[in-house]
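Biologist: I am new to this one. Could you show me the structure and walk me through the words you use for it?

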Amino acid sequence: MTNDNDSKLTTAPLGTGGPEVGVQGLGCMGMSIAYGPTDADEARATLERALELGVTLYDTADAYGEGENERFLSPFFNAHRDEVVIATKFALAMPSGVTGPRVIRNDPDYIRQAVEASLKNLGIDVIDLYYMHRRDVNVPIEETVGAMADLVRQGKVKQLGLSEVTGAELHAAQAVHPIAAVQSEWSLFSRDIEAGVVPAARELGVTLVPYSPLGRGFLTGSFTNADQELTEGDYRRTQPRFTGTNAAANAALLTPIRAVAESHGASVGQIALAWVQQQATVHNLPVIPIPGTRRRTRIEENAAATQIVLSEQDMALLEPIAAQVAGTRYPDMTFASAGRETP
Ligand SMILES: NC(=O)c1ccc[n+]([C@@H]2O[C@H](COP(=O)([O-])OP(=O)(O)OC[C@H]3O[C@@H](n4cnc5c(N)ncnc54)[C@H](OP(=O)(O)O)[C@@H]3O)[C@@H](O)[C@H]2O)c1
């Protein structure tokens, strides 16, 4: 299934009363880091093609290559400033003066530094949607969101978002300042957020922005045995689902997705994206998924998936997959909201 070249995505509001954005956004992380070598010219062409297709929410973070991804996107954003909604994030900091694992920083002093760095990297004077990327449980969320709200009052940020927070954390945050969006992993392989985050977002009118809706590429059918197929340095080599015996076991789980894809004349990845949309409808929740790609052909394929509607029978066929996935979505699940979610 390809996209009709002239048809644009429909739109939906980003958060209660927020701007209208195309119903699918674009994850830009892979243009700079994580998933193997990138062709910068093709990535730039992909950004332009995405906009033509009606994709208007663009997702980046300061941590995607220490500002490299924000700087890469800056010319595109500035060429189309009035047409794009720019989302970036803070919290995954490098320890100062030393190399080593990132530290999670949610304290107000850090937020004030981080926003200035992102504004400079992006070459803009206001960020449309500013997310806390990860939660530092040592800082009360009220304090963090309070500092983020100051940025709104100062005109540096328009809307606030949170990534990988629990349902309870979302409620506590919303009591301080309206939260437009929660960004969490949600896909046929990753459904842990349905316990706490999804009901909280629905209750509060917060838009869910599902990241890695293609399971970091797994749900496109690109891998038979990722453990042997991923190149040196690919971030997925650190991910339990892509490594060891889990890799081939998880590839075998795609059989029902292939069957549904065939019946719709669609690709496996398109069915994975259509599932996220349909599952959101089941939960009565506004969503703007942000699949990531660096290629024009794939942005066309992914955008076209918004036109696919899965039936109850399709959904029933796909229902058992998540429970069978081998391996957690991060090596340490305290990095995700599910590691802190209380039943
Ligand atoms: N908040 C967070 O903690 C967090 C974590 C991870 C990601 N994110 C955000 O979410 C975005 C999306 O997530 P993601 O990039 O991790 O995972 P994803 O969207 O599930 O998958 C991206 C992978 O799928 C491949 N792909 C995309 N479309 C394809 C198609 N039609 N056919 C075959 N392969 C296809 C991409 O390769 P090509 O690029 O080569 O097409 C890339 O390797 C990121 O870019 C980032 O902005 C946020």
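This is a predicted model: local features need pLDDT of at least 70, side-chain atom pairs count only at pLDDT 80 or more; totals for chains, interfaces and linings use all residues.

Biologist: Why is S190 called buried?

Modeller: Buried means under 20% relative accessible area. S190 has a relative accessible area of 0%, so S190 is buried.

Biologist: What makes the link between the side chains of S190 and E185 a polar contact?

Modeller: The cut-off for such a pair of N or O atoms is within 3.5 Å. The side chains of S190 and E185 are joined at 3.1 Å, and that is a polar contact. Not counting residues up to four places away in sequence, S190 touches E185, R241 and R329.

Biologist: Is S187 buried or exposed, and how do you know?

Modeller: S187 also has its place in the loop between β10 and α6. Its relative accessibility is 0%, so S187 counts as buried. Leaving aside neighbours within four places in sequence, S187 is in contact with S212, P213, G215, L219, W275 and V276.

Biologist: And T255, why does that residue count as buried or exposed?

Modeller: Exposed means over 50%. T255 is at 53% relative accessibility, so T255 counts as exposed. T255 belongs to helix α9 (residues 255-264), and its side chain reaches the backbone oxygen of A252 at 3.2 Å. T255 and T243 are 12 residues apart in sequence, with 20 Å between their C-alpha atoms.

Biologist: Which residues does A326 contact, leaving aside neighbours within four places in sequence?

Modeller: A326 is in contact with P240, R241, N246 and N250. A326 sits in the segment after α13 (321-324). A326 and P240 are 86 residues apart in sequence, and their C-alpha atoms are 7.9 Å apart in space.

Biologist: How do you know that the reach of helix α1 is close to what is expected?

Modeller: Helix α1 (residues 40-52) has 13 residues and reaches 19 Å from its first C-alpha to its last, close to the 18 Å expected at 1.5 Å a residue. At its start, a side-chain oxygen of D39 comes to within 3.0 Å of the backbone nitrogen of D41. After α1 comes G54, with a positive phi near 95 degrees.

Biologist: What do the buried residues of α1 pack against?

Modeller: They pack against β3 (26-27), β4 (57-59), α2 (68-79) and α11 (296-304). The buried residues are E42, A43, T46, L47, R49, A50 and L51. In α2, N69, E70, F72, L73, S74, F76 and F77 are buried, and what covers them includes α1, β4, β5 (85-90) and α3.

Biologist: How do α3 and α4 pack?

Modeller: Two packed helices are described by the angle between their axes and the distance between the axes. For α3 (residues 108-122) and α4 (residues 141-153), the angle is about 35 degrees and the axes are 9 Å apart. The crossing is right-handed.

Biologist: Which residues of α3 and α4 meet there?

Modeller: P108, I111 and V115 in α3 meet E143, T144, A147, M148 and L151 in α4. The residues of this contact divide into six nonpolar, one polar and one charged.

How values were computed
Residues are numbered from 1 along each chain as its sequence is written. Side-chain values use heavy atoms; hydrogens and water are left out. Axes are lines fitted to C-alpha atoms, for helices over the stretch in contact, and angles run from 0 to 180 degrees between N-to-C directions. Helices (H or I, at least four residues) and strands (E, at least two) are DSSP runs, numbered from the N terminus. A crossing is left-handed if the near helix is turned anticlockwise from the far one by less than a right angle, and right-handed if clockwise. Contact means heavy atoms within 4.5 Å. Ala, Val, Leu, Ile, Met, Phe, Trp, Tyr, Cys and Pro count as nonpolar, Asp, Glu, Lys and Arg as charged, and the others, Gly among them, as polar. The expected span of a helix is 1.5 Å times one less than its number of residues. Buried means under 20% relative accessible area, exposed over 50%, partly exposed in between (1.4 Å probe, protein chains only). A polar contact is a pair of N or O atoms within 3.5 Å; within protein, one must be able to donate a hydrogen and the other to accept it, and residues adjacent in sequence count only if both atoms are side-chain atoms.
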